[in-house]
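Have the viewer ready and follow along.

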Amino acid sequence: MNNKTLEVDAQLIPATDTYFYNHPFDMTVQIGLNNNHEWKVILANHKASHFFKEEEGALASVYFGAVWKSIKKHLKALKIHPYIQVFLTIKSEDKDKLFELRLFRQETRESGQTIFIELSAQDELKAEQKVRWLYEQKYMSVIDHNLDPIITVNRKNRITYANSAVHHAFGYRTKELTGRSILDLIGDEKVDEFRAFLSRAFSGESIEMEGITFFHKKGQYLSAYLKTIPVSIQGEIQEIHIILRDTSAHFKNNEKLLFLSYHDQLTGLWNRRALKEHFEEDAEYAYRSDEKLSFIHLDLDRFKTINDSIGRTGADEILRMIAERIKMACPKAGKLYRNGGDEYIILLRGHSIEKTEDLAKRILSDFTKPFYFNHQEYFISSSIGISVYPDDGVVLEELLKKAEQAVFFVKERGRAHYRFYKEEMNTSFTDAAIMESHLRRAIEFNELEIHYQPQVNLKTGQIDSFEALLRWNNRKFGFVSPSLFIPMAEDSGLIHTIGDWVLEGVCKQLKEWQDKQFRKVRIAVNISPKQFSTGEFANKAKDMIDKYGIHASSFEVEITETALMNIKDTLSTLQRLKEIGVTISIDDFGTGYSSLSYLKLYPIDIIKIDRSFIKDIEVDEKNAAIAKTIISLAHNLGMQVIAEGVEKDLQAKILTEADCHKAQGFLFSKAIPASQIVEKYFSWV
């Protein structure tokens with residue numbers, strides 16, 4: 001072979017004997033066709049002969065053995081291509097070894113067509129490929145098993161890969177996204193912002209973006225958070241990974257938290273916090289437009305009775321009904337708030353005094369309709385106080401306090417109506433904490449007094465029973481309404497001490513009249529459900545009756561329907577009282593949780609018709625029908641019946657004709673001190 005280099009399609013092929021025999025790394029073999037057109041080995045270097053263990057001149061099929069089949073299939077390709085380069089696996093010493101196979105075709109005068117075969121061991125390359133494969137697997141494992149959705153995007157904004165988390169979060173499989181533009185999945189309002197985001201990411205920045213809207217496969221846009229990771233290859237950013245997080249649930253939770261922070265959880269109405277923020281805006285509007293704001297403070301009357309009757313769950317349901325009813329009456333220019341408990345506030349913008357007054361009347365009218373719970377009717381009234389910005393103040397707390405003062409004024413004067421705040425109401429409004437502290441000292445300072453209201457026999461006009469009513473003449477506030485201090489006593493726990501004081505006072509009074517040999521009478525005492533809840537009331541009553549030596553039948557216990565709800569404690573207490581000989585009556589019948597089964601179950605002697613059914617009985621057919629029904633019911637059960645709140649002759653006449661036993665009210669006498677009872681007693685005989 002000539003000492004020169006042959007050029008074949010830009011591949012430099014050395015053509016020297018030294019090339020074959022002394023190549024330090026590769027096995028080199030030259031083959032050519034013999035007369036039988038079989039390939040035989042012409043030349044081979046030492047490395048090749050040592051590896052294949054054959055000499056030059058051998059047929060190629062013998063020389064290469066099992067490897068010849070793999071080499072031979074590539075020889076056909078040399079007819080088209082002068083140079084072939086492939087990888088080949090050869091088994092040696094029971095191990096597979098990787099070689100790079102290079103084939104060259106050459107025409108020479110001496111040998112005709114020959115083929116140069118080079119085999120380069122690729123053990124290092126294989127090890128390197130394995131390491132590279134391991135790194136690639138680790139890299140892809142981080143991508144594929146990441147809990148966050150990851151999308152890979154090239155510089156043309158096309159998606160090249162998406163991990164399985166993308167499917168779980170957004171519904172897409174990898175094949176559905178591959179080749180698709182990432183811009184197709186972004187909400188239109190954010191596309192320009194997202195383009196700028198991608199541009200920065202491809203410049204090499206790892207950046208974040210919040211509030212992007214990403215299109216879900218099912219058709220809706222979800223709020224998402226994005227973060228980019230540049231993919232750098234030899235210093236050039238070829239792709240970026242985009243990590244996506246679906247923040248729609250977080251966004252909804254934030255919305256929910258925001259809603260809850262400004263709304264009452266029970267009714268869904270605005271709360272006190274919302275009122276404070278709204279007032280700032282509304283006050284500014286009112287100031288600029290020279291208009292007024294009206295604050296309507298609505299407080300439910302005696303709602304505690306409902307709560308005690310049907311429990312917290314039922315009371316909450318009725319509070320929701322009340323909220324809906326007020327909402328129906330509330331105009332568009334008004335905002336309705338729950339002020340906590342059984343209080344509601346309406347803030348009216350741009351309403352005249354007349355329109356505010358009309359709204360208050362409408363709400364009061366709506367409250368004349370019953371509320372239904374578990375197929376039972378409940379009648380609830382409300383008291384309304386109104387303050388006006390800026391006439392009554394410019395600070396929210398001042399306006400709310402004055403509206404509350406107006407409510408207090410209404411409650412002291414019979415409830416169930418409305419009043420605008422007036423300056424003179426300041427004198428009648430008392431801080432609850434201060435009043436409670438005075439109530440705690442009321443007995444000590446002899447401020448409490450028991451008055452007695454006669455109960456008149458409608459047939460004979462005679463009086464043989466009275467109701468004991470507590471009065472409080474405070475050294476600071478003067479006469480305080482029972483409607484104010486009795487609930488305060490119950491809430492504070494003072495009702496037990498005050499109740500015991502009344503119990504002893506009534507027994508002492510009966511003893512005095514008994515010793516003076518006055519005509520035998522009976523006195524009824526109102527007992528709070530909380531007094532019954534201790535289970536000691538019957539023993540206390542017996543101790544007092546025994547202490548003063550009075551006739552047990554002259555002592556009457558009045559309980560509300562609320563007390564009847566606690567069957568276990570109440571039944572045992574009433575049975576014990578009957579054993580002692582005490583008379584038992586139900587007060588305010590029909591206003592609580594009425595049930596005929598209770599009348600049958602308990603040892604009741606008297607039913608008292610509540611004043612709400614006596615009011616307007618002469619003109620209100622429904623009230624008249626209810627009163628007559630209760631009277632008939634009492635007769636059929638062998639009970640006496642007493643009507644409360646009788647103020648007119650016609651009311652007394654209707655009750656007499658209905659065969660009502662007794663009545664009490666201003667028509668006959670208000671509650672008076674014991675001294676006046678003695679003076680007038682014989683005039684009623």
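The second largest cavity has a volume of about 40 Å³. This is a predicted model, in which local features need pLDDT of at least 70 and side-chain atom pairs count only at pLDDT 80 or more, while totals for chains, interfaces and linings use all residues. Residues are numbered from 1 along each chain as its sequence is written, and side-chain values use heavy atoms, with hydrogens and water left out.

**Cavities**

- Two cavities of 30 Å³ or more turn up in a search of the whole structure; on a 1 Å grid over the protein atoms alone, a cavity is a set of points where a 1.4 Å probe fits but cannot get out.
- A volume here is the space filled by probe spheres set on the grid points, which are joined across faces, edges and corners.
- The second largest cavity is lined by His496, Asp500, Gln531, Thr534, Phe537 and Lys540, where a lining residue has an atom within 4 Å of a point.
- Helix 16 (495-515) and helix 18 (537-548) each give at least two residues to that lining; helices (H or I, at least four residues) and strands (E, at least two) are DSSP runs, numbered from the N terminus.
- By type, the lining of the second largest cavity holds one nonpolar, three polar and two charged residues. Nonpolar covers Ala, Val, Leu, Ile, Met, Phe, Trp, Tyr, Cys and Pro, charged covers Asp, Glu, Lys and Arg, and the others, Gly among them, are polar.

**Second largest pocket**

- The second largest pocket contains about 370 Å³ of space; a pocket is an open set of points with protein on both sides within 12 Å along at least five of seven lines.
- Of its 19 lining residues, His50, Phe51, Phe52, Lys53 and Ser92 are the closest to the centre.
- Helix 2 (46-52), helix 3 (60-64), strand 5 (83-92) and strand 6 (95-108) each supply at least two lining residues, and helix 2 has the largest share, with five.
- The lining of this pocket divides into 10 nonpolar, four polar and five charged residues.

**Aromatic rings and charges**

- The count comes to 16 aromatic pairs, taking rings of Phe, Tyr and Trp (its six-membered ring) with centres within 6.5 Å; planes under 30 degrees apart are stacked, over 60 edge-to-face and the rest tilted.
- Tyr63 and Phe64 form an edge-to-face pair, because their ring planes stand at 75 degrees, with the centres 5.2 Å apart.
- Tyr63 is buried at 1% relative accessibility, and Phe64 is buried at 3% (buried is under 20% relative accessible area, exposed over 50%, partly exposed in between, with a 1.4 Å probe and protein chains only).
- One aromatic cluster is made up of Phe51, Phe52, Tyr63, Phe64, Trp68 and Phe99.
- Arg325 lies over the face of Phe371, at 3.7 Å from the ring centre, and Arg349 lies over the face of Tyr285, at 4.0 Å; the rule asks for NZ of Lys or CZ of Arg within 6 Å of the ring centre and within 35 degrees of the ring normal.

**Two single residues**

- His451 is found in strand 20 (residues 448-457) and is buried, with a relative accessible area of 12%.
- Leaving out residues up to four places away in sequence, His451 touches Glu467, Ala468, Leu469, Arg471, Ala671, Ile672 and Pro673 (contact means heavy atoms within 4.5 Å).
- Arg320 lies in helix 11 (residues 303-329) and is partly exposed, at 31% relative accessible area.
- Not counting residues up to four places away in sequence, Arg320 touches Leu266 and Thr267.
- The C-alpha atoms of Arg320 and Leu269 are separated by 9.6 Å, with the two residues 51 apart along the chain.
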